[in-house]
Amino acid sequence: MKYTNHLSGEPSPYLRQHVHNPVDWYPWGEEAFARARREGKPVFLSIGYSTCHWCHVMAAESFEDREVAELLNQHFISVKVDREERPDVDAVYMDVCQAVTGLGGWPLTAVLDEEQNPIFVGTYLPKHSHYGRMGLVELLQEIGRKWSQDARGLRQSGKQLTEYMRERQEGGEENPAPETGWENERKAKELRDFPEYLLTQAVLWFEKQFDAKNGGFGRAPKFPQAHQLVFLLRYGAWKKEKRPQEMAERTLHCMYQGGIFDQIGGGFSRYSTDDQWLVPHFEKMLYDNALLAAAYLEAFDQTGRPEYREAAKRIFAYAERELLQKEGGFSCGQDADSGHEEGKYYLFAKEEILYVLGEERGREFCGFYQITEQGNFEGKNIPNRIGCTPEERPFWWQEAVDLLLSYRKERYELHLDDKVLTSWNSLMILAYARGARILKEPALGERARSCMEFLRQNLRDTKGRLKIRWRKGEAAFPGQLEDYAFYGLACLELHETLGEKEEFVEAVRVAKELDSLFGDAQRGGYFRYSLENEALILRPKESYDGALPSGNGAVALLFARLYRMTGSPAFRDLLDAQLSFLSGEAKAFPAGYTLGLLAYLEAQKGVKVCALGEDSRECKLQGERFLWLMDMGFPLKGEAH
């Protein structure tokens, strides 16, 4: 008989992976912390996601192990969190982990007191200590011993760490933003609070870190942070400088030739473990592919090079084949592991290619994708085109790819995390809508419309408030900053493509709601979660753009686009305030705030106006937007249109 814990009623694929662990897991919530208070025990917190390789490793080593389970069940109340469902909980304890250890990543491991204050924070831990790394068993034994001897002292340490994090969050150079509000008319001011030298400093950093041979910045592991590449492309176009565009293009080319791009099935893996983009960490995430599709579209729009168009189209083809659900939304991503081995699904022996394609075509295919007898990864092959001169594919290439796709699906199975997230789906809507315009393919616009309709029907409540996730008919968790900001940008992109009033009005509504729910009137910027959400020990306000761009950067871009499209002083004031906040955040490391830099570049284009000789469709839209804003009661007095 299988043991079943308190996760059995949870829809999250990650939590369901742990339902039958011998650990008595609880989901995050009052029930777990109430029991901890009642029994006087600390809380063991583990945060991860279902397609995470190292989460699987720690689960197999420790959470499926009876010895570890006995320690946890006897001395702790154990809580499992899916970081994609509760990005607020993840953000709070990841901030603590990075502040204390200088490191981050998943699985995130923490021990808390009954009031959620952190006593210990770390990432992956092996079962037992070795090579200088603390083991989970030894950690649990040590904390259990100290808790029994001096629980009061540990609680006090946890409170002190929480207080330190609060002071750290509120400290530094104060950067109060101008007062915001939708009914106030204030004197117009230039966007002087976001000094242009931040853009220059960012470009200089990218140039210093640039890998001229392989593309990308710095050494392995290399993450394909698409928003950085879009910034370099747009900055180069704005300044008419070739070097930033060359860095972006070289990176896009090398990634597309490498193993980080699935040469058989399309789509990008999360990051490369080596300098030349050959060996990926094999999990594929929706947000990476959405952002990269937008980057390749940007490059194609600037250069017209077919390689970039092809890359974007192959991302879309992958997303529709592997991630699109029949209801219209896109799943989160696919696992790195198959058959209990990382990457096994994607690897080929040469004889397999010859078996599937036949001797003649198989050998030609192997030559094209550098597939050899000895292999390039653990005796097998990751198909790639690294260092190859451009050459035309044989006429039978698509047939060969389809055969290999079918073969590898029959050979091994990939786990799919089938949650639908508002934020990540919004990024994919944005990419599809942009693709429809740039590639002149209306079908992409219809796919974007269909996905947006799914979000509207399934991930908004009766008041129009957004939810974080949907799975199998159930939506849950109040939307957070990135949900609103990415969704607003998706609405605007779809409006630009389709020209429909509904999308524009929805973007304006969301921007207004976002300002009300998440804004910090004292210090500027926007918090991750609203005061209507569950209160945690910290209220993060993230502005740094990591693998996923920050909500605050996306807010700046949303306001910049709305101001440029309308000329409304309400949006101008909100944009000024947000750029002022971000300029203070970005001073130490401008290259880490590229969405804010993109918002500044967007603002430099100026407000769209109707003029003789301009695109008649855009002129008509501009006039209609003005009327729509008037109907919504916006203060437009004094603005030239």
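## The main core

Of the 143 residues in the largest nonpolar core, Phe231, Tyr296 and Leu514 touch the most other members. The biggest share of this core, eleven residues, is supplied by helix H10. A nonpolar core here is a set of buried Ala, Val, Leu, Ile, Met, Phe, Trp, Tyr and Cys residues joined through side-chain atoms within 4.5 Å. Buried means under 20% relative accessible area, exposed means over 50%, and partly exposed lies in between (1.4 Å probe, protein chains only). Helices (H or I, at least four residues) and strands (E, at least two) are DSSP runs, numbered from the N terminus.

This is a predicted model: local features need pLDDT of at least 70, side-chain atom pairs count only at pLDDT 80 or more, and totals for chains, interfaces and linings use all residues. Residues are numbered from 1 along each chain as its sequence is written, and side-chain values use heavy atoms, with hydrogens and water left out.

Which residues does Phe231 touch, not counting residues up to four places away in sequence? They are Leu199, Ala202, Val203, Phe206, Thr594, Leu597, Leu598 and Leu601. Contact means heavy atoms within 4.5 Å. There is also a second, separate core of 27 residues, and Phe33, Ala36, Leu45 and Tyr93 are among them.

Helix H2 runs over residues 30-39, and its buried residues are Ala32, Phe33, Arg35 and Ala36. Seen down the axis of H2, these fall within an arc of 155°, so they line one face of the helix. The arc is that of the directions from the helix axis to the C-beta atoms. On the other side of H2, Glu30, Glu31 and Arg38 are exposed.

What covers the buried residues of H2? The cover includes strands E1 (25-27), E2 (43-48), E3 (77-82) and E4 (108-112). Just after H2 comes Gly40, with a positive phi of about 65°.

## The second largest pocket

The second largest pocket holds about 820 Å³ of space. It is lined by 32 residues, and Arg234, Glu298, Arg434, Glu493 and Glu602 lie nearest its centre. On a 1 Å grid over the protein atoms alone, a pocket is an open set of points with protein on both sides within 12 Å along at least five of seven lines; a cavity is a set of points where a 1.4 Å probe fits but cannot get out; lining residues have an atom within 4 Å of a point. Grid points are joined across faces, edges and corners, and a volume is the space filled by probe spheres set on the points.

Helix H8 gives the most to this pocket's lining, with six residues. Helices that each supply at least two residues include H8 (226-239), H10 (286-303), H15 (422-438) and H17 (481-498). The lining of this pocket divides into 18 nonpolar, two polar and twelve charged residues. Ala, Val, Leu, Ile, Met, Phe, Trp, Tyr, Cys and Pro count as nonpolar, Asp, Glu, Lys and Arg as charged, and the others, Gly among them, as polar.

## Two cavities

How many cavities of 30 Å³ or more does the structure hold? There are two.

Helix H11 (residues 306-323) provides the largest share, three residues. Here the lining divides into four nonpolar, one polar and five charged residues.

Most residues other than glycine have a negative phi, and most peptide bonds are trans. A cis peptide bond joins Trp106 and Pro107, with omega about 5°. Pro107 sits in the loop between helix H5 (87-101) and E4. The bond from Ala220 to Pro221 is also cis, with omega near 0°. Pro221 sits in the loop between helix H7 (197-209) and H8.

Lys240 has a positive phi, near 55°. Lys240 lies in the loop between H8 and helix H9 (242-257), and is exposed, with a relative accessible area of 73%. Lys472 has a positive phi near 50°. Lys472 lies in the loop between strands E14 (467-471) and E15 (474-478), and is exposed at 65% relative accessible area.
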